[in-house]
Amino acid sequence: MYDPASDTIVAPATPAGRGGIGVLRLSGPRAGEIAGKMMSSLPAPRQATLMWFLDHNGQQIDRGIALYFPSPASYTGEHVVELQAHGGPVVLDLLLEAATAYGARVAEPGEFTRRAFLNGKIDLAQSEAVVDLINSQTRTAARAAARSLSGRFSDDVHSLIQAVTSLRIYVEAAIDFPEEEVDFLADVEIRTRLDDVESQLATLRRAARDGQRLRDGVTLVLAGRPNAGKSSVLNRLAGSDVAIVTDRPGTTRDVLREDIELDGIPLRIVDTAGLRDSDDPIEMEGVRRARAAMQSADLLLHVVDMTGPNPQATDLPDLPLLTVLNKKDLVTNPSSDATDTCVPVSALTGAGFDDLTRAIKRAVGAETVAEGNVIARTRHLDALDRAAEHVELGRRALEVEAAGEIMAEELRQAQNVLGEITGRITSDDLLGHIFSSFCIGK
Ligand code: GDP
C-alpha cells in the first residue's frame with residue numbers, strides 16, 4: 001500500500017491568517033531530507049527542537065520548533081516534519097516556497113489524511129471523523145466525532161462484518177459439504193446467528209442515524225400568527241448560553257434561518273414569517289433558499305397562542321407537525337397535557353420546554369442522541385440500509401425458498417456493502433476460512 005516513490009507533500013497545517021504559531025507540515029519519503037535543508041540539521045526523532053528555518057538561499061526566515069516523525073510512527077505513516085513558525089501569512093508563504101524549491105509538492109486538500117488512510121493508519125470512517133471533528137457544530141458532535149476517530153464506530157462495523165462473514169461461511173460450508181449432513185435449513189445455529197446479525201445491524205443503524213443527526217443537524221420550520229410567541233419560543237429553545245443565533249448573510253431584513261443547538265443537536269430553524277413576496281432580488285434569493293430548506297425540513301413547529309382563538313393552520317408546508325400551545329401561564333387551568341403532537345408551554349416562564357425538547361427529538365427521530373454517540377454520515381446510513389436489505393433477502397431465501405446459495409450470496413453482498421464503510425473490504429480466502437473454522441473431515 002505504501003508507495004515509497006510517492007511525492008513529498010507540504011502545506012500549512014494551521015488556518016490562513018495571523019496567530020501565535022503557524023505550522024508547516026511535510027510528509028513523504030523526502031520530508032526529512034527537505035526539512036534538513038531548510039534547517040542546519042534535522043532534529044532527533046520526536047524531540048521538539050528550537051531551530052532556524054532558512055530559505056532556498058540560506059537566508060533566515062524565522063526561528064521556531066521543529067518536530068521530526070520518521071515513518072511509520074507518524075500521522076500519515078510516512079516521514080513527517082512539522083515546523084512551528086510564527087503564525088503570519090508571509091512567514092508561512094516563505095517556508096512553503098523553500099520546501100517546494102527543494103522538491104516538495106503543495107498538498108491537495110485532505111491529502112495528509114488520505115495518505116494516513118492508504119497507509120493503514122486510520123480507516124475510511126476514521127478519516128471522515130477527522131473532518132467531522134474539525135467541522136463539528138456542537139460540543140456533543142465534537143465528542144461523537146472524537147469517538148468515531150478513536151475507532152469506536154469502525155470496531156462495531158467490523159464486528160458486524162465478522163458476524164456476517166462467519167454466518168456466510170457456515171452456510172457455504174453446509175452447501176459445499178453435504179456429506180457433513182448439516183441440515184442447515186433446520187439448523188438452529190443459523191437462525192441464532194442470523195438473529196444476532198440482525199440485532200447488531202439494528203443497533204448500529206440506530207447509532208448511525210443518531211450520529212448523522214449530530215453531524216448534519218435537523219431542520220425545523222417555524223410557523224404561527226404574529227404575536228403567537230414564535231421568537232420567544234425560539235429564544236427559549238436556544239437557551240441563552242448556548243444559542244448561536246446567526247443572521248443568514250445575504251438577507252437584508254428579518255432572519256429567515258437561525259441556527260441553535262438543542263441538547264447537542266444542531267437545529268436549523270426556517271422562519272415562515274420571513275417568507276413574503278418582495279421585489280428586492282437579495283430578499284427574493286433569501287426567500288428562495290428558505291423555501292428550498294423547507295422542502296427538506298424534518299418538522300414543522302406551529303406556535304399557537306392559547307389565549308386566542310385556535311386558528312386552523314393554512315398555507316403550511318406538508319411536513320410532520322408539532323403544535324406548540326404557547327402562553328400557558330395566562331391560562332388558569334390549561335386543560336391539555338403534552339402529547340407527541342401537541343405541547344403546551346410558556347415561553348415566558350419556560351414551563352413545558354422539557355416536554356417540547358423531548359417531543360422535537362422524538363419527532364425527528366433523534367430521541368436517543370446523547371453522550372456516548374458516534375458520528376456518522378449519510379454514506380454510512382446508506383450502506384447500513386443496503387446491508388439490512390441483503391440480510392433481509394437472505395432471511396427470506398432461507399425461510400421461504402430454503403435456498404442456501406441465495407442466502408450465502410446475499411450475505412456476501414451485505415459483507416461487501418459494510419466493508420465500504422471502513423474501506424477495508426477484506427478479500428478472504430473462503431476455503432481457508434472453512435477449513436480452519438469449521439473443522440471439516442474431523
Ligand atoms: P412572534 O410575533 O410570534 O414572534 O411573538 P413574540 O415572541 O414576539 O411574542 C409576542 C408577545 O407575546 C410578546 O409581547 C411576548 O412577550 C409575549 N409572549 C410570548 N410568549 C409568551 C408567554 O408564554 N406568556 C406570556 N404571558 N407572554 C408571552
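A residue is called buried here when its relative accessible area is under 20%, exposed when over 50%, and partly exposed in between (1.4 Å probe, protein chains only). By that rule T422 is buried, because its relative accessible area is 0%. The structure is a predicted model, in which local features need pLDDT of at least 70 and side-chain atom pairs count only at pLDDT 80 or more, while totals for chains, interfaces and linings use all residues. Residues are numbered from 1 along each chain as its sequence is written, and side-chain values use heavy atoms, with hydrogens and water left out.

T422 belongs to helix α12; helices (H or I, at least four residues) and strands (E, at least two) are DSSP runs, numbered from the N terminus. Not counting residues up to four places away in sequence, T422 touches F117, D123, L124, A125, S154 and V157, where contact means heavy atoms within 4.5 Å. Helix α12 covers residues 404-422, and its 19 residues should span 27 Å at 1.5 Å a residue, which agrees with the 28 Å between its end C-alpha atoms; the expected span is 1.5 Å times one less than the number of residues. Other buried residues of α12 include M407, L411, A414, L418 and I421, and the buried residues of this helix pack against α3 (111-118), α4, α6, α7 and α11 (378-399). Just after α12 comes G423, with a positive phi of about 80 degrees.

**Helix α5**

In helix α5 (residues 139-149), the buried residues are T140, A141, A144, A145, R147 and S148. They lie on the same side of α5, because they cover an arc of only 160 degrees around the axis, the arc being that of the directions from the helix axis to the C-beta atoms. These buried residues pack against α4 (124-135), α6 (152-176) and α7. After α5 comes G151, whose phi is positive, near 100 degrees.

| Strand pair | Bridges | Bridge partners |
|---|---|---|
| β11 (321-326) and β12, parallel | three | T323 and C342 |
| β1 (9-12) and β6, parallel | two | I9 and R105 |

**Nonpolar cores**

A nonpolar core is a set of buried Ala, Val, Leu, Ile, Met, Phe, Trp, Tyr and Cys residues joined through side-chain atoms within 4.5 Å. The largest has 34 residues, of which V233, L237, L301, L322, L356 and I360 touch the most other members. Two or more residues come from each of α5, β7, α8 (230-238), β8, β9, β10 (299-305), β11 and α10 (353-363). A second, separate core of 33 residues includes I190, V197, L411 and A414.

**Local backbone features**

Most residues other than glycine have a negative phi, and most peptide bonds are trans. S71 and P72, however, are joined by a cis peptide bond with omega of about 5 degrees, and P72 lies in the loop between β4 and β5 (80-87). D263, in the loop between β8 and β9, has a positive phi of about 50 degrees although it is not a glycine. K327, found in the loop between β11 and β12, has a positive phi near 70 degrees and counts as partly exposed at 21% relative accessibility.

Note on methods. Two strands pair if DSSP finds at least two bridges between them.
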